[in-house]
Amino acid sequence: MNIVRQQLAPVYDALIELRKRRVVPFDVPGHKRGRGNTELLDFLGEKCVGVDVNSMKMLDNLSHPVSVIREAENLTADAFGADRAFFMVNGTTSAVQCMVLATIRDGDEIILPRNVHKSVINALVLCGGIPVYVPVKVNPEIGIATGMEAHEVEKAIKEHPNAKAIFVNNPTYYGIASDLKKLVDMAHKAGMKALVDEAHGTHLYFGEGLPVSGMEAGADMAAVSMHKSGGSLTQSSILLTGPNVDGEYMQSIINLTQTTSASYLLISSLDISRRNLALHGREAFSKVTRMAEYAREEINDLGGYYAYGRELIDGDSVYDFDVTKLSVYTQGIGLTGIEVYDILRDEYDIQIEFGDIGNILAYISIGDRMQDIERLVGALEDIKRVYEKDRNDLYCGEFIQPELKLSPKEAFYGSKMSVPVKEAAGKISGELVMCYPPGIPILTPGELITEEIIEYIDYSREKGCSLMGTRDPECMMIDVMV
(Lines give C-alpha, C1' and ligand atoms only; values in the text may rest on other atoms or scores of the structure.)
Protein backbone atom coordinates (compact mmCIF):
# COMPACT_ATOMS: atom_id res chain seq x y z
CA MET A 1 0.00 0.00 0.00
CA ASN A 2 1.32 3.41 -1.02
CA ILE A 3 0.90 5.44 2.19
CA VAL A 4 1.83 8.72 0.51
CA ARG A 5 -0.88 8.36 -2.13
CA GLN A 6 -3.36 7.11 0.48
CA GLN A 7 -3.38 10.60 1.96
CA LEU A 8 -5.32 11.75 -1.11
CA ALA A 9 -9.12 11.93 -1.32
CA PRO A 10 -9.88 12.94 -4.91
CA VAL A 11 -13.70 12.92 -4.77
CA TYR A 12 -13.75 14.84 -1.50
CA ASP A 13 -11.32 17.42 -2.92
CA ALA A 14 -13.44 17.82 -6.07
CA LEU A 15 -16.55 18.51 -3.99
CA ILE A 16 -14.69 21.10 -1.92
CA GLU A 17 -13.58 22.79 -5.14
CA LEU A 18 -17.16 22.73 -6.44
CA ARG A 19 -18.38 24.43 -3.28
CA LYS A 20 -15.79 27.20 -3.71
CA ARG A 21 -16.95 27.92 -7.26
CA ARG A 22 -20.53 28.74 -6.22
CA VAL A 23 -21.91 27.20 -9.40
CA VAL A 24 -25.49 28.18 -10.30
CA PRO A 25 -27.42 24.87 -10.63
CA PHE A 26 -29.77 24.39 -13.57
CA ASP A 27 -29.58 20.61 -13.19
CA VAL A 28 -30.94 18.08 -10.72
CA PRO A 29 -31.48 17.52 -7.81
CA GLY A 30 -34.38 19.92 -7.72
CA HIS A 31 -33.83 21.18 -4.18
CA LYS A 32 -31.02 23.36 -5.67
CA ARG A 33 -28.51 23.12 -2.79
CA GLY A 34 -31.41 23.11 -0.33
CA ARG A 35 -33.00 26.40 -1.34
CA GLY A 36 -36.14 24.66 -2.56
CA ASN A 37 -36.58 22.60 0.60
CA THR A 38 -35.67 24.65 3.65
CA GLU A 39 -36.88 21.99 6.09
CA LEU A 40 -34.41 19.53 4.55
CA LEU A 41 -31.71 22.20 4.68
CA ASP A 42 -32.38 22.88 8.37
CA PHE A 43 -32.35 19.18 9.17
CA LEU A 44 -29.20 18.12 7.28
CA GLY A 45 -27.32 21.40 7.12
CA GLU A 46 -25.91 23.41 4.21
CA LYS A 47 -22.60 21.52 4.12
CA CYS A 48 -24.43 18.26 3.52
CA VAL A 49 -27.20 19.41 1.17
CA GLY A 50 -24.79 21.67 -0.72
CA VAL A 51 -22.82 18.68 -2.02
CA ASP A 52 -25.86 16.57 -2.85
CA VAL A 53 -25.24 17.19 -6.53
CA ASN A 54 -25.50 15.55 -9.92
CA SER A 55 -22.67 14.09 -12.00
CA MET A 56 -20.66 16.68 -13.93
CA LYS A 57 -17.27 16.78 -15.60
CA MET A 58 -15.27 17.86 -12.55
CA LEU A 59 -16.97 15.22 -10.36
CA ASP A 60 -16.79 12.26 -12.80
CA ASN A 61 -19.57 9.68 -13.26
CA LEU A 62 -19.92 6.48 -11.25
CA SER A 63 -21.32 4.57 -14.25
CA HIS A 64 -18.23 5.34 -16.32
CA PRO A 65 -15.50 6.72 -14.05
CA VAL A 66 -12.51 8.24 -15.81
CA SER A 67 -11.16 10.89 -13.41
CA VAL A 68 -11.67 11.56 -9.69
CA ILE A 69 -13.95 8.58 -9.00
CA ARG A 70 -11.67 6.24 -10.92
CA GLU A 71 -8.69 7.60 -8.98
CA ALA A 72 -10.53 7.11 -5.68
CA GLU A 73 -11.44 3.55 -6.68
CA ASN A 74 -7.81 2.84 -7.58
CA LEU A 75 -6.71 4.13 -4.18
CA THR A 76 -9.29 1.83 -2.60
CA ALA A 77 -7.97 -1.15 -4.55
CA ASP A 78 -4.46 -0.31 -3.33
CA ALA A 79 -5.61 0.00 0.29
CA PHE A 80 -7.48 -3.32 0.20
CA GLY A 81 -4.92 -5.27 -1.81
CA ALA A 82 -7.25 -5.75 -4.78
CA ASP A 83 -6.73 -5.48 -8.51
CA ARG A 84 -9.83 -3.30 -8.93
CA ALA A 85 -12.34 -1.67 -6.59
CA PHE A 86 -15.80 -0.41 -7.48
CA PHE A 87 -17.83 2.04 -5.43
CA MET A 88 -21.34 0.74 -4.78
CA VAL A 89 -24.17 3.04 -3.69
CA ASN A 90 -26.95 0.43 -3.59
CA GLY A 91 -25.45 -1.28 -0.57
CA THR A 92 -23.53 -4.52 -0.29
CA THR A 93 -26.70 -6.25 -1.48
CA SER A 94 -25.93 -4.93 -4.96
CA ALA A 95 -22.25 -5.88 -4.67
CA VAL A 96 -23.18 -9.46 -3.73
CA GLN A 97 -25.67 -9.64 -6.56
CA CYS A 98 -23.14 -8.33 -9.07
CA MET A 99 -20.67 -11.05 -8.03
CA VAL A 100 -23.30 -13.70 -8.72
CA LEU A 101 -24.64 -12.10 -11.92
CA ALA A 102 -21.11 -11.84 -13.33
CA THR A 103 -20.44 -15.53 -12.72
CA ILE A 104 -23.67 -17.53 -12.92
CA ARG A 105 -25.93 -18.02 -15.96
CA ASP A 106 -29.34 -19.66 -16.24
CA GLY A 107 -28.97 -23.28 -15.09
CA ASP A 108 -25.44 -22.86 -13.72
CA GLU A 109 -24.71 -24.26 -10.26
CA ILE A 110 -23.09 -22.37 -7.40
CA ILE A 111 -21.78 -24.03 -4.23
CA LEU A 112 -22.66 -22.14 -1.05
CA PRO A 113 -23.75 -22.51 2.57
CA ARG A 114 -27.48 -22.27 3.30
CA ASN A 115 -26.95 -19.45 5.85
CA VAL A 116 -26.28 -16.84 3.16
CA HIS A 117 -27.86 -13.40 3.08
CA LYS A 118 -31.10 -13.03 1.12
CA SER A 119 -29.25 -10.96 -1.52
CA VAL A 120 -27.60 -14.16 -2.78
CA ILE A 121 -30.93 -15.94 -3.18
CA ASN A 122 -32.42 -12.91 -4.92
CA ALA A 123 -29.49 -12.87 -7.33
CA LEU A 124 -30.21 -16.52 -8.19
CA VAL A 125 -33.83 -15.58 -8.87
CA LEU A 126 -32.58 -12.99 -11.35
CA CYS A 127 -29.99 -15.11 -13.15
CA GLY A 128 -31.58 -18.57 -12.88
CA GLY A 129 -28.67 -20.12 -11.00
CA ILE A 130 -29.06 -23.37 -9.07
CA PRO A 131 -27.83 -23.38 -5.45
CA VAL A 132 -25.86 -26.38 -4.25
CA TYR A 133 -25.99 -26.12 -0.48
CA VAL A 134 -23.09 -27.35 1.62
CA PRO A 135 -24.31 -28.72 4.96
CA VAL A 136 -23.30 -26.57 7.91
CA LYS A 137 -23.01 -27.71 11.50
CA VAL A 138 -24.87 -26.09 14.34
CA ASN A 139 -23.19 -25.37 17.65
CA PRO A 140 -25.63 -27.14 20.00
CA GLU A 141 -24.86 -24.89 22.98
CA ILE A 142 -25.66 -21.57 21.33
CA GLY A 143 -27.75 -22.66 18.33
CA ILE A 144 -25.83 -20.88 15.57
CA ALA A 145 -24.66 -22.19 12.23
CA THR A 146 -20.90 -22.51 11.91
CA GLY A 147 -18.71 -22.28 8.81
CA MET A 148 -18.18 -24.37 5.69
CA GLU A 149 -16.11 -27.48 6.36
CA ALA A 150 -13.46 -28.14 3.73
CA HIS A 151 -14.35 -31.82 3.32
CA GLU A 152 -18.02 -30.92 2.71
CA VAL A 153 -17.00 -28.39 0.05
CA GLU A 154 -14.68 -30.97 -1.52
CA LYS A 155 -17.59 -33.43 -1.64
CA ALA A 156 -19.83 -30.82 -3.29
CA ILE A 157 -17.15 -30.09 -5.90
CA LYS A 158 -16.84 -33.80 -6.76
CA GLU A 159 -20.62 -34.19 -7.03
CA HIS A 160 -21.07 -30.96 -8.99
CA PRO A 161 -17.88 -30.56 -11.08
CA ASN A 162 -19.56 -28.14 -13.49
CA ALA A 163 -20.46 -25.62 -10.80
CA LYS A 164 -19.16 -22.17 -11.69
CA ALA A 165 -18.33 -20.76 -8.26
CA ILE A 166 -18.02 -21.28 -4.53
CA PHE A 167 -19.59 -18.61 -2.33
CA VAL A 168 -18.27 -18.03 1.21
CA ASN A 169 -19.36 -15.84 4.14
CA ASN A 170 -16.29 -14.18 5.67
CA PRO A 171 -17.15 -13.89 8.52
CA THR A 172 -20.75 -14.75 9.39
CA TYR A 173 -22.88 -12.25 11.30
CA TYR A 174 -21.82 -14.00 14.50
CA GLY A 175 -18.08 -13.83 13.75
CA ILE A 176 -17.52 -17.39 12.46
CA ALA A 177 -14.88 -17.74 9.74
CA SER A 178 -14.24 -20.76 7.49
CA ASP A 179 -10.80 -21.78 6.20
CA LEU A 180 -11.08 -19.22 3.41
CA LYS A 181 -7.63 -19.72 1.89
CA LYS A 182 -8.21 -23.45 1.58
CA LEU A 183 -11.67 -22.97 0.08
CA VAL A 184 -10.37 -20.46 -2.45
CA ASP A 185 -7.56 -22.84 -3.48
CA MET A 186 -10.09 -25.68 -3.85
CA ALA A 187 -12.31 -23.52 -6.04
CA HIS A 188 -9.46 -22.48 -8.32
CA LYS A 189 -8.15 -26.03 -8.60
CA ALA A 190 -11.62 -27.07 -9.79
CA GLY A 191 -11.78 -24.20 -12.29
CA MET A 192 -14.37 -22.30 -10.26
CA LYS A 193 -14.51 -18.71 -9.08
CA ALA A 194 -14.30 -17.89 -5.37
CA LEU A 195 -16.84 -15.25 -4.28
CA VAL A 196 -16.73 -13.80 -0.79
CA ASP A 197 -19.43 -11.97 1.15
CA GLU A 198 -17.53 -9.63 3.47
CA ALA A 199 -20.48 -7.51 4.51
CA HIS A 200 -19.12 -7.88 8.03
CA GLY A 201 -15.45 -7.93 7.18
CA THR A 202 -14.14 -4.47 6.26
CA HIS A 203 -11.86 -4.48 9.30
CA LEU A 204 -10.22 -7.76 8.26
CA TYR A 205 -8.16 -5.74 5.76
CA PHE A 206 -6.71 -3.49 8.43
CA GLY A 207 -6.83 -5.26 11.80
CA GLU A 208 -4.32 -7.65 13.32
CA GLY A 209 -5.05 -11.09 14.75
CA LEU A 210 -8.26 -11.34 12.72
CA PRO A 211 -9.42 -13.86 10.09
CA VAL A 212 -7.82 -13.61 6.65
CA SER A 213 -9.50 -11.21 4.22
CA GLY A 214 -10.91 -12.22 0.86
CA MET A 215 -8.26 -10.51 -1.24
CA GLU A 216 -5.42 -11.82 0.92
CA ALA A 217 -6.84 -15.33 0.51
CA GLY A 218 -6.80 -14.94 -3.29
CA ALA A 219 -10.57 -14.70 -3.84
CA ASP A 220 -11.79 -13.53 -7.23
CA MET A 221 -14.36 -11.10 -5.82
CA ALA A 222 -15.37 -9.75 -2.43
CA ALA A 223 -18.33 -7.58 -1.43
CA VAL A 224 -17.36 -5.31 1.47
CA SER A 225 -19.73 -3.21 3.60
CA MET A 226 -17.67 -0.11 4.25
CA HIS A 227 -20.61 1.42 6.10
CA LYS A 228 -20.72 -1.36 8.71
CA SER A 229 -17.28 -1.42 10.29
CA GLY A 230 -15.45 0.97 7.95
CA GLY A 231 -17.12 4.23 8.91
CA SER A 232 -18.74 5.34 5.64
CA LEU A 233 -22.40 6.35 5.24
CA THR A 234 -25.16 3.75 5.30
CA GLN A 235 -25.74 2.14 1.88
CA SER A 236 -22.17 2.74 0.68
CA SER A 237 -20.10 -0.32 -0.13
CA ILE A 238 -17.27 -1.58 -2.32
CA LEU A 239 -16.82 -4.49 -4.67
CA LEU A 240 -13.26 -5.81 -4.88
CA THR A 241 -11.92 -7.99 -7.68
CA GLY A 242 -8.74 -9.97 -8.17
CA PRO A 243 -6.39 -10.08 -11.17
CA ASN A 244 -8.31 -12.82 -13.01
CA VAL A 245 -11.53 -10.80 -13.26
CA ASP A 246 -12.24 -8.53 -16.25
CA GLY A 247 -12.74 -5.14 -14.63
CA GLU A 248 -14.52 -3.55 -17.57
CA TYR A 249 -16.94 -6.47 -17.74
CA MET A 250 -17.62 -6.04 -14.03
CA GLN A 251 -18.40 -2.37 -14.62
CA SER A 252 -20.98 -3.38 -17.23
CA ILE A 253 -22.54 -5.88 -14.80
CA ILE A 254 -22.69 -3.20 -12.09
CA ASN A 255 -24.37 -0.81 -14.52
CA LEU A 256 -27.20 -3.30 -15.08
CA THR A 257 -28.68 -2.53 -11.68
CA GLN A 258 -26.86 0.37 -10.02
CA THR A 259 -28.48 3.80 -10.15
CA THR A 260 -27.31 6.34 -12.73
CA SER A 261 -28.04 9.07 -10.16
CA ALA A 262 -25.35 8.09 -7.68
CA SER A 263 -25.22 10.08 -4.45
CA TYR A 264 -22.01 12.06 -3.99
CA LEU A 265 -22.65 11.97 -0.26
CA LEU A 266 -22.18 8.19 -0.41
CA ILE A 267 -19.32 8.31 -2.93
CA SER A 268 -17.37 10.90 -0.95
CA SER A 269 -17.96 9.00 2.29
CA LEU A 270 -16.28 5.96 0.70
CA ASP A 271 -13.37 8.12 -0.42
CA ILE A 272 -12.90 9.74 3.00
CA SER A 273 -13.37 6.46 4.91
CA ARG A 274 -10.86 4.62 2.73
CA ARG A 275 -8.29 7.33 3.52
CA ASN A 276 -9.05 7.10 7.22
CA LEU A 277 -8.66 3.32 7.26
CA ALA A 278 -5.51 3.34 5.16
CA LEU A 279 -3.85 5.87 7.45
CA HIS A 280 -5.33 4.92 10.83
CA GLY A 281 -7.15 1.61 10.42
CA ARG A 282 -4.59 -0.61 12.10
CA GLU A 283 -4.56 1.54 15.22
CA ALA A 284 -8.35 1.98 15.20
CA PHE A 285 -9.16 -1.72 14.92
CA SER A 286 -6.58 -2.61 17.53
CA LYS A 287 -8.64 -0.44 19.89
CA VAL A 288 -11.86 -2.08 18.68
CA THR A 289 -10.42 -5.53 19.40
CA ARG A 290 -9.38 -4.49 22.91
CA MET A 291 -12.83 -3.07 23.65
CA ALA A 292 -14.61 -6.17 22.37
CA GLU A 293 -12.38 -8.53 24.33
CA TYR A 294 -12.84 -6.44 27.48
CA ALA A 295 -16.64 -6.49 27.01
CA ARG A 296 -16.57 -10.25 26.39
CA GLU A 297 -14.70 -10.86 29.64
CA GLU A 298 -16.94 -8.53 31.68
CA ILE A 299 -20.16 -10.06 30.32
CA ASN A 300 -18.99 -13.59 31.01
CA ASP A 301 -18.19 -12.57 34.58
CA LEU A 302 -21.85 -11.63 35.07
CA GLY A 303 -22.93 -15.26 34.85
CA GLY A 304 -25.84 -16.58 32.79
CA TYR A 305 -24.71 -14.89 29.59
CA TYR A 306 -22.13 -16.43 27.26
CA ALA A 307 -20.12 -13.99 25.17
CA TYR A 308 -18.31 -16.45 22.95
CA GLY A 309 -15.01 -15.99 21.19
CA ARG A 310 -11.92 -17.81 19.98
CA GLU A 311 -12.56 -20.81 22.22
CA LEU A 312 -15.07 -21.94 19.56
CA ILE A 313 -12.26 -22.51 17.04
CA ASP A 314 -11.96 -26.17 16.07
CA GLY A 315 -9.81 -25.79 12.95
CA ASP A 316 -12.59 -26.72 10.53
CA SER A 317 -16.25 -25.71 10.98
CA VAL A 318 -14.95 -22.78 13.03
CA TYR A 319 -11.57 -22.22 11.47
CA ASP A 320 -11.21 -18.73 12.95
CA PHE A 321 -13.25 -16.18 14.89
CA ASP A 322 -13.62 -12.43 14.44
CA VAL A 323 -13.14 -11.15 17.98
CA THR A 324 -14.55 -7.72 17.13
CA LYS A 325 -18.00 -9.36 16.99
CA LEU A 326 -19.56 -9.19 20.46
CA SER A 327 -22.02 -12.06 20.08
CA VAL A 328 -23.74 -13.07 23.32
CA TYR A 329 -25.89 -16.11 24.05
CA THR A 330 -28.68 -14.97 26.35
CA GLN A 331 -30.82 -18.02 27.10
CA GLY A 332 -28.75 -18.75 30.18
CA ILE A 333 -30.77 -16.02 31.96
CA GLY A 334 -34.05 -17.40 30.60
CA LEU A 335 -34.49 -14.77 27.86
CA THR A 336 -34.22 -15.06 24.09
CA GLY A 337 -31.89 -12.74 22.26
CA ILE A 338 -34.76 -10.77 20.75
CA GLU A 339 -36.22 -10.21 24.23
CA VAL A 340 -32.92 -8.81 25.50
CA TYR A 341 -32.63 -6.75 22.30
CA ASP A 342 -36.04 -5.18 22.95
CA ILE A 343 -35.37 -4.53 26.65
CA LEU A 344 -32.04 -2.85 25.88
CA ARG A 345 -33.72 -0.50 23.43
CA ASP A 346 -36.96 0.19 25.29
CA GLU A 347 -35.68 0.37 28.87
CA TYR A 348 -32.02 1.41 28.54
CA ASP A 349 -31.90 3.39 25.27
CA ILE A 350 -29.24 1.03 23.90
CA GLN A 351 -29.65 -0.05 20.27
CA ILE A 352 -27.69 -3.19 19.44
CA GLU A 353 -27.37 -4.76 15.99
CA PHE A 354 -29.81 -7.63 16.36
CA GLY A 355 -31.34 -10.26 18.57
CA ASP A 356 -32.44 -13.72 17.46
CA ILE A 357 -33.82 -16.72 19.28
CA GLY A 358 -30.66 -17.39 21.26
CA ASN A 359 -28.25 -14.51 20.78
CA ILE A 360 -27.64 -10.79 20.56
CA LEU A 361 -24.94 -8.99 18.62
CA ALA A 362 -23.46 -5.69 19.73
CA TYR A 363 -21.56 -4.27 16.76
CA ILE A 364 -18.36 -2.64 17.97
CA SER A 365 -16.41 -0.48 15.55
CA ILE A 366 -14.27 2.61 15.15
CA GLY A 367 -16.87 5.00 16.56
CA ASP A 368 -17.36 3.25 19.90
CA ARG A 369 -15.99 4.43 23.24
CA MET A 370 -15.12 2.56 26.41
CA GLN A 371 -17.88 4.36 28.34
CA ASP A 372 -20.38 2.96 25.83
CA ILE A 373 -19.05 -0.54 26.50
CA GLU A 374 -19.42 0.01 30.25
CA ARG A 375 -22.99 1.18 29.77
CA LEU A 376 -23.85 -1.94 27.77
CA VAL A 377 -22.29 -4.27 30.34
CA GLY A 378 -24.09 -2.45 33.16
CA ALA A 379 -27.42 -2.74 31.34
CA LEU A 380 -26.94 -6.47 30.77
CA GLU A 381 -26.13 -6.90 34.45
CA ASP A 382 -29.31 -5.03 35.40
CA ILE A 383 -31.42 -7.05 32.93
CA LYS A 384 -30.13 -10.25 34.52
CA ARG A 385 -31.05 -8.99 37.98
CA VAL A 386 -34.54 -7.75 37.02
CA TYR A 387 -35.70 -10.13 34.28
CA GLU A 388 -33.89 -13.44 34.81
CA LYS A 389 -36.22 -16.44 34.80
CA ASP A 390 -36.29 -20.18 34.29
CA ARG A 391 -35.17 -21.23 30.81
CA ASN A 392 -36.89 -24.61 30.58
CA ASP A 393 -39.36 -23.56 27.88
CA LEU A 394 -36.76 -22.01 25.59
CA TYR A 395 -35.86 -23.40 22.19
CA CYS A 396 -32.19 -23.35 21.23
CA GLY A 397 -32.79 -21.75 17.84
CA GLU A 398 -31.26 -24.59 15.85
CA PHE A 399 -30.47 -23.75 12.24
CA ILE A 400 -32.78 -25.60 9.85
CA GLN A 401 -31.63 -26.42 6.33
CA PRO A 402 -34.73 -26.97 4.14
CA GLU A 403 -34.87 -29.29 1.14
CA LEU A 404 -34.64 -27.55 -2.25
CA LYS A 405 -37.30 -28.78 -4.70
CA LEU A 406 -37.24 -26.07 -7.40
CA SER A 407 -34.73 -23.44 -8.44
CA PRO A 408 -35.32 -20.02 -6.84
CA LYS A 409 -36.16 -18.58 -10.28
CA GLU A 410 -38.70 -21.30 -11.12
CA ALA A 411 -40.44 -20.89 -7.78
CA PHE A 412 -40.38 -17.10 -7.73
CA TYR A 413 -41.89 -16.73 -11.22
CA GLY A 414 -44.09 -19.85 -11.15
CA SER A 415 -47.83 -20.14 -10.50
CA LYS A 416 -48.63 -19.71 -6.83
CA MET A 417 -51.48 -19.51 -4.37
CA SER A 418 -51.62 -17.98 -0.90
CA VAL A 419 -52.26 -20.22 2.11
CA PRO A 420 -51.97 -19.77 5.89
CA VAL A 421 -48.44 -20.54 7.10
CA LYS A 422 -49.91 -23.01 9.60
CA GLU A 423 -51.41 -25.05 6.73
CA ALA A 424 -48.39 -24.95 4.40
CA ALA A 425 -46.58 -28.14 5.48
CA GLY A 426 -45.70 -30.34 2.52
CA LYS A 427 -45.95 -27.48 0.04
CA ILE A 428 -43.15 -25.70 -1.83
CA SER A 429 -42.51 -22.11 -0.88
CA GLY A 430 -42.94 -19.53 -3.62
CA GLU A 431 -41.44 -16.68 -1.63
CA LEU A 432 -38.92 -15.86 1.03
CA VAL A 433 -39.41 -15.81 4.82
CA MET A 434 -36.80 -14.46 7.18
CA CYS A 435 -36.09 -12.68 10.43
CA TYR A 436 -34.40 -9.32 9.86
CA PRO A 437 -31.81 -8.72 11.03
CA PRO A 438 -29.76 -10.78 10.33
CA GLY A 439 -31.47 -11.38 6.96
CA ILE A 440 -30.70 -15.10 6.65
CA PRO A 441 -33.79 -16.75 5.12
CA ILE A 442 -35.78 -19.34 7.05
CA LEU A 443 -37.33 -20.31 3.71
CA THR A 444 -36.39 -19.39 0.15
CA PRO A 445 -38.41 -19.81 -3.05
CA GLY A 446 -38.34 -23.45 -4.11
CA GLU A 447 -37.85 -25.02 -0.68
CA LEU A 448 -40.10 -27.59 0.98
CA ILE A 449 -42.11 -26.31 3.94
CA THR A 450 -42.13 -28.70 6.91
CA GLU A 451 -43.87 -28.78 10.29
CA GLU A 452 -40.50 -28.07 11.92
CA ILE A 453 -40.08 -24.90 9.86
CA ILE A 454 -43.63 -23.77 10.65
CA GLU A 455 -42.98 -24.29 14.37
CA TYR A 456 -39.78 -22.26 14.10
CA ILE A 457 -41.60 -19.40 12.32
CA ASP A 458 -44.33 -19.42 14.99
CA TYR A 459 -41.78 -19.47 17.81
CA SER A 460 -39.84 -16.60 16.22
CA ARG A 461 -43.04 -14.58 15.93
CA GLU A 462 -44.03 -15.36 19.52
CA LYS A 463 -40.66 -14.16 20.83
CA GLY A 464 -40.83 -10.87 18.92
CA CYS A 465 -38.59 -11.49 15.89
CA SER A 466 -39.31 -9.21 12.92
CA LEU A 467 -40.56 -11.58 10.23
CA MET A 468 -40.61 -10.38 6.65
CA GLY A 469 -40.25 -11.42 3.02
CA THR A 470 -43.81 -12.55 2.27
CA ARG A 471 -46.38 -10.54 0.37
CA ASP A 472 -48.47 -10.65 3.53
CA PRO A 473 -47.01 -7.90 5.78
CA GLU A 474 -47.87 -9.97 8.87
CA CYS A 475 -46.25 -13.14 7.48
CA MET A 476 -49.38 -15.11 8.46
CA MET A 477 -49.94 -16.15 4.84
CA ILE A 478 -47.40 -17.54 2.40
CA ASP A 479 -47.36 -18.06 -1.36
CA VAL A 480 -46.85 -21.71 -2.31
CA MET A 481 -46.51 -23.47 -5.65
CA VAL A 482 -49.61 -24.87 -7.33
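View 1. At 1% relative accessibility, Asn359 counts as buried, a word used for residues under 20% relative accessible area, with over 50% called exposed and anything in between partly exposed (1.4 Å probe, protein chains only). The model shown here is predicted, so local features need pLDDT of at least 70 and side-chain atom pairs count only at pLDDT 80 or more, while totals for chains, interfaces and linings use all residues. Residues are numbered from 1 along each chain as its sequence is written, and side-chain values use heavy atoms, leaving out hydrogens and water. You will find Asn359 in strand S15 (residues 359-363); strands (E, at least two residues) and helices (H or I, at least four) are DSSP runs numbered from the N terminus. The side chains of Asn359 and Tyr308 are joined by a polar contact of 3.0 Å, that is, a pair of N or O atoms within 3.5 Å; within protein, one must be able to donate a hydrogen and the other to accept it, and residues adjacent in sequence count only if both atoms are side-chain atoms. Beyond four places in sequence, Asn359 is in contact (heavy atoms within 4.5 Å) with residues including Ile142, Tyr174, Val328 and Phe354.

**View 2. The largest nonpolar core.** This core has 103 residues, and Leu240 and Leu344 have the most contacts inside it. A nonpolar core is a set of buried Ala, Val, Leu, Ile, Met, Phe, Trp, Tyr and Cys residues joined through side-chain atoms within 4.5 Å. Helix H11 (residues 264-302) gives the largest share of the core, 12 residues. Not counting residues up to four places away in sequence, Leu344 touches Ile350, Ile360 and Leu380, among others.

**View 3. Helices H4 and H11 side by side.** Helix H4 (residues 68-80) packs with H11 at an angle of about 35°, their axes 10 Å apart. Axes are lines fitted to C-alpha atoms, for helices over the stretch in contact, and angles run from 0 to 180 degrees between N-to-C directions. From H4, the contact includes Ile69, Leu75 and Ala79; from H11, Tyr264, Asp271 and Ala278 are among the residues involved.

View 4. Met434 stands opposite Met468 in S19.

Definitions and conventions:
Two strands pair if DSSP finds at least two bridges between them.
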